[in-house]
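Open the structure in your viewer and keep the selection tool at hand.

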Amino acid sequence: MKYRFRAMAILIEKPVDVAKDHFLMRIDIGSARSRPGQFVNIRVGNTHDPLLRRPFSIHDSNGSVVDIVVRVVGKGTSLLREGAMPGNIDIIGPLGRGFTLLESGSALLVGGGVGNAPLYFLARRLRERGVKVTCVYGARSLDCVFLRERYESAADRIRFITDDGSCGDRGFSTDAAKELAAEGGFDAIYACGPAAMMARTVEIFRDAPCLIEVSLENYFGCGVGLCSGCAVETVSGNKRACVDGPVLDGRAVLWQNIYEDTGALSCAP
């Protein structure tokens with residue numbers, strides 16, 4: 001198994017707040033091999049509490065420097081926000097399988113919440129290849145929209161959509177995805193966000209003649225495939241999201257097995 005271990009990567013500057021309960025970290029991981037869709041696994045403190053590292057998608061990469069966007073949800077992410085100081089930081093990465101990059105054509109990127117984070121790096125790389133990029137950025141409200149100008153600069157066209165209508169249209173990412181599906185012509189669909197959102201996006205485009213990839217936000221215990229705690233059921237058996245993913249073929253995931261109540265898949269999160 002091959003992966004890069006950076007026990008002494010460098011946090012370049014203090015974390016910067018970019019939206020409500022979201023902050024950005026800029027880290028020199030010593031590797032210029034990051035691909036859109038990959039992640040890093042960070043040890044969040046100097047003690048055994050929390051014991052496990054925390055995984056974060058790579059939001060952007062320039063040389064060996066990566067940006068990650070973190071949403072504060074618990075003890076580990078709170079420790080990062082409050083205690084991270086410029087200097088050495090304990091990281092494994094870049095890890096996982098990234099997105100398949102089109103060489104030409106048109107792509108639709110559908111994001112929800114902090115799941116928008118890896119889609120900026122993806123959009124930027126696709127446009128460098130001449131791919132026409134349409135982006136749907138979904139969030140709860142305006143104060144949860146982070147780094148808006150970056151996404152606007154990386155997409156040929158972008159739609160913001162929020163639960164309360166405070167930024168862009170009112171509704172959900174899947175509402176916009178369904179409207180765009182009627183246009184057709186996409187060569188690839190990429191999605192990252194809540195599982196129900198991704199499941200619904202896959203259903204919308206399931207019969208379309210295009211690539212469909214999703215980036216799963218499973219909790220990774222080890223991040224390198226040893227513990228198998230992030231296993232996902234697919235049509236070809238269980239896959240470890242940290243090494244076989246986090247990017248997987250959206251049509252292959254058995255979404256109905258992610259929920260005890262399959263009715264959840266009919267909602268538009």
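The model is predicted. Begin with the residues that line the largest pocket: by class, 22 are nonpolar, 15 polar and eight charged. That lining consists of 45 residues. Select Arg71, Val73, Val114, Gly115 and Glu217, which lie nearest the centre of the pocket. The space in this largest pocket comes to about 960 Å³.

Next, colour the elements that supply at least two lining residues each: strands S5 (54-57), S7 (65-71) and S10 (132-139), with helices H1 (75-83) and H2 (117-128). Which of them gives the most to the lining? Strand S5 does, with four residues.

Now stay on strand S7 and select Asp67, which lies in it. Is Asp67 buried or exposed? Its relative accessibility is 4%, so Asp67 counts as buried, the cut-off for buried being under 20%. Show the side chains of Asp67 and Arg26: a polar contact of 2.7 Å joins them. Then display the other residues around Asp67. Leaving aside residues up to four places away in sequence, Asp67 touches Leu24, Met25, Arg26, Ser57, Ile58, His59, Asp60 and Arg150.

Finally, zoom out and switch to a cartoon view. The protein has five helices and 17 strands. It contains 269 residues, and 51% of them count as buried.

Notes. Residues numbered from 1 in each chain as written. Predicted model: local features only at pLDDT ≥ 70, side-chain atom pairs only at ≥ 80, totals over all residues. Heavy atoms only, no water. 1 Å grid on protein atoms, 1.4 Å probe; cavity = no way out; pocket = protein on both sides within 12 Å on 5 of 7 lines; lining within 4 Å. Points joined across faces, edges and corners; volume = space filled by probe spheres on them. Nonpolar A, V, L, I, M, F, W, Y, C, P; charged D, E, K, R; others polar. Buried < 20%, exposed > 50% of the residue type's maximum accessible area, 1.4 Å probe, protein only. Polar contact = N/O pair within 3.5 Å; in protein donor to acceptor, adjacent residues only side chain to side chain. Contact = heavy atoms within 4.5 Å.
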